Amino acid sequence: MTDAIVAEGLGVRYGEVRALTEVTARIRTGEITGLVGVNGSGKSSMLAAVLERVPHEGTVRILGRTPKQARRAGLVASVPQAEAVDWDFPVTVRDVVTTGRYGRLGLLRIPRAADRAAVDEAIDLLGLTHLAERQIGALSGGQRKRAFVARAIAQDAELLLLDEPFAGVDRTSEAAITEVLRALRDRGRSVVIVHHDLSGVAELVDTVLLLQRGRLLHSGPPATTLTPERIAEAFGAGRPRDARAEPRPTATDEEP
Ligand SMILES: Nc1ncnc2c1ncn2[C@@H]1O[C@H](COP(=O)(O)OP(=O)(O)OP(=O)(O)O)[C@@H](O)[C@H]1O
């Protein structure tokens, strides 16, 4: 089966700052993969490189295609970090979710019944029906996050890339998002989530890519990847020995 993502020798630098160094990884289809590491370890840079949103070294294939081809074919949907969004833009939740269908609409972008149904379904899945007509800027952080996950769901892409989908969301929202991601995986879709700590990771993901200082420290199933030694190496000494026993280690910033 074609891999969801194949990255070879991926590297990113911002001027003098090297954010990602020679990352070679395969992300399988039909799995939830966690890209895990402390703040500044290169997770967002890796996502940006995979989507070719930043200049990078190395090569990327998404479902056997170049990132540009995959994006144009609507195979990949992404949920940005909250900070990357202009919240003053005057659009409703429904407008935001509808943009997930743009790749399927004609030039005039007039949604058909099937598009409206997909939008309604995604809004409902994320528990946002009562907020559908509200301006996106007038939502809480967790509600905004859910709106962007709903947009990705409405897109009905083969691969979802989510940057910190649980950041700033309450347990109810986290449970709602988790359930949706599992349902997608069960339908054969591939999901990559970026996570800056270990809370819930072992329970949610099939494979972990552990990043440290812009390099891939280890990848594999949580049981063999999130060992006490590797957790200590990636998150620093004194971090919890068991990710499941004590979920949220306080990560410190990392400058490669
Ligand atoms: N636009 C930029 N210009 C300069 N340096 C940057 C830029 N974006 C990121 N960096 C640096 O690149 C490194 C990796 O950052 P990146 O955002 O990829 O890490 P991250 O693991 O996603 O962090 P976080 O968990 O805080 O989102 C950091 O040292 C960061 O300071």
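User: What counts as near a molecule in this structure?
Analyst: A residue is near a molecule or strand if its C-beta atom, placed from the backbone, lies within 6 Å of it. The model is predicted, so local features need pLDDT of at least 70, side-chain atom pairs count only at pLDDT 80 or more, and totals for chains, interfaces and linings use all residues. Residues are numbered from 1 along each chain as its sequence is written. The cut-off for being near is thus within 6 Å.

User: Which element gives the most to the shell around the ligand?
Analyst: Around the ligand there are 14 residues, and Tyr14, Ala19, Asn39, Ser44 and Ser45 come nearest. Two elements give two or more residues to this shell: β2 (17–27) and α1 (43–50). Helices (H or I, at least four residues) and strands (E, at least two) are DSSP runs, numbered from the N terminus. With three residues, the element that gives the most is α1.

User: Which residue in β9 is the bridge partner of valine 208?
Analyst: Strands β8 (residues 207–212) and β9 (residues 215–220) pair in the antiparallel sense over five bridges; pairing needs at least two bridges found by DSSP. Their hairpin has two residues between the strands, and arginine 213 takes a positive phi near 50° there. In β9, the partner of valine 208 is glycine 220.

User: Which residues does valine 149 touch, leaving out those up to four places away in sequence?
Analyst: Contact means C-beta atoms, placed from the backbone, within 7 Å. Counted that way, valine 149 touches Val79, Leu126, Leu162, Pro165, Ile177 and Val180.

Key: Contact = placed C-beta atoms within 7 Å.
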